[in-house]
Amino acid sequence: GDGMSARTSLSRAATQASRNPPMLLQIALLQSSAGHLPGAAYTLEKALVERPDFLPAQALLAEIEMRQAQWDKAEQRVRQIIASHPKMGVGYGLLGDLAAARGQRVAAVESYRRAHQIEQSSASLMRLYKAIAPNDGPAAVQLADQWVKSHPQDTVVRRAVADGHARIGNLATARTAYVALLNITPDD
């Protein structure tokens with residue numbers, strides 16, 4: 001609970017790990033959790049000096065730039081990620097986050113859809129689902145339903161499907177979805 005001491009300790013740790021990009025990434029994550037975004041950004045920049053192609057550091061730095069409302073810097077970094085890693089969904093996911101932060105819902109949905117097409121995962125589907133759901137709940141639920149049919153053990157998406165059905169008033173279908181979820185995770 002002592003933010004100032006945490007910031008000081010983590011800054012010292014970053015100095016000690018100056019040539020170790022994976023360690024600098026971990027320190028930056030802690031700095032970000034402690035609310036020290038400028039420190040986290042500085043630490044990530046140090047990691048990128050050592051390894052300019054270190055994707056986890058690039059992605060986290062883009063997220064931090066977004067959290068600091070540095071839209072242009074974040075967009076430039078995200079576009080660099082997409083250019084250097086076009087067959088990975090991470091860049092398009094970040095582009096969706098940036099569009100969402102700027103209030104550009106349509107662009108966010110398009111970017112999240114592209115990320116999910118490239119790299120299908122629960123996480124990419126949930127980003128797309130959350131972008132679609134506020135304006136078109138039934139379409140979001142249909143998207144998630146399709147995913148669950150091909151990934152029946154995915155409890156994260158199953159819960160989203162059940163919650164989505166409940167939200168749009170399909171209570172009988174929601175109940176069935178919750179029962180199916182309980183069959184997979186009986187202690188939930």
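Tutor: What follows is a short talk through a predicted model, covering helices, cores and salt bridges.

Student: Start with H2. Which of its residues are buried?
Tutor: In H2, the buried residues are Pro21, Leu24, Leu25, Ile27, Ala28, Gln31 and Ser32. They cover an arc of only 165 degrees around the axis, which puts them on the same side of H2.

Student: And what do the buried residues of H2 pack against?
Tutor: Their partners are helix H1 (3-16), helix H3 (37-50) and helix H4 (55-67).

Student: What span should H2 have, and how far apart are its end C-alpha atoms?
Tutor: H2 runs over residues 21-33, which is 13 residues. At 1.5 Å a residue it should span 18 Å, and the end C-alpha atoms are 18 Å apart, so the two agree.

Student: What comes just after H2?
Tutor: Glycine 35, with a positive phi of about 80 degrees.

Student: Which residue has a positive phi although it is not a glycine?
Tutor: Alanine 69 has one, at about 60 degrees. Alanine 69 sits in the loop between H4 and helix H5 (71-84). With a relative accessible area of 43%, alanine 69 is partly exposed.

Student: Changing topic. How many residues are in the largest nonpolar core?
Tutor: That core has 21 residues, and those with the most contacts inside it are Leu128, Tyr129, Ile132, Val157 and Val161. At least two residues of this core come from each of helix H7 (105-118), H8, helix H9 (137-150) and helix H10 (155-167). There is also a second, separate core of 18 residues, with Leu10, Leu37, Leu60 and Leu61 among them.

Student: Back to leucine 128. What is it in contact with, leaving aside neighbours within four places in sequence?
Tutor: On that basis, leucine 128 is in contact with Val109, Tyr112, Arg113, His116 and Leu143.

Student: Where is serine 124, and is it buried or exposed?
Tutor: Serine 124 is in helix H8, residues 122-132. Its relative accessibility is 10%, so serine 124 counts as buried. The serine 124 side chain reaches the backbone oxygen of glutamate 119 at 3.1 Å. Leaving aside neighbours within four places in sequence, serine 124 is in contact with His116 and Glu119.

Student: Now salt bridges. How many does the structure hold?
Tutor: Seven. One of the salt bridges joins the side chains of glutamate 65 and arginine 77, at 2.9 Å from N to O. Glutamate 65 lies in helix H4 and arginine 77 in helix H5, so this pair ties together parts 12 residues apart in sequence.

Student: Are glutamate 65 and arginine 77 buried or exposed?
Tutor: Glutamate 65 counts as buried at 1% relative accessibility. Arginine 77 is buried too, with a relative accessible area of 17%.

Student: What about arginine 102? Which residue does it form a salt bridge with?
Tutor: Aspartate 72, with the closest N and O atoms 3.7 Å apart. This pair links distant parts of the chain, 30 residues apart: arginine 102 is in the loop between helix H6 (90-101) and H7, and aspartate 72 is in helix H5. Arginine 102 is partly exposed at 29% relative accessible area, whereas aspartate 72 is exposed at 62%.

Student: And arginine 127 with aspartate 97: what is the N to O distance?
Tutor: Their side chains meet in a salt bridge at 2.3 Å. Arginine 127 lies in helix H8 and aspartate 97 in helix H6, so the pair ties together parts 30 residues apart in sequence.

Student: Which residues do salt bridges with shared partners join into one network?
Tutor: Asp72, Glu75, Arg79 and Arg102.

Terms used. Residues are numbered from 1 along each chain as its sequence is written. This is a predicted model: local features need pLDDT of at least 70, side-chain atom pairs count only at pLDDT 80 or more; totals for chains, interfaces and linings use all residues. Side-chain values use heavy atoms; hydrogens and water are left out. Helices (H or I, at least four residues) and strands (E, at least two) are DSSP runs, numbered from the N terminus. Buried means under 20% relative accessible area, exposed over 50%, partly exposed in between (1.4 Å probe, protein chains only). A polar contact is a pair of N or O atoms within 3.5 Å; within protein, one must be able to donate a hydrogen and the other to accept it, and residues adjacent in sequence count only if both atoms are side-chain atoms. Contact means heavy atoms within 4.5 Å. The expected span of a helix is 1.5 Å times one less than its number of residues. The arc is that of the directions from the helix axis to the C-beta atoms. A nonpolar core is a set of buried Ala, Val, Leu, Ile, Met, Phe, Trp, Tyr and Cys residues joined through side-chain atoms within 4.5 Å. A salt bridge is a side-chain nitrogen of Lys or Arg within 4 Å of a carboxyl oxygen of Asp or Glu.
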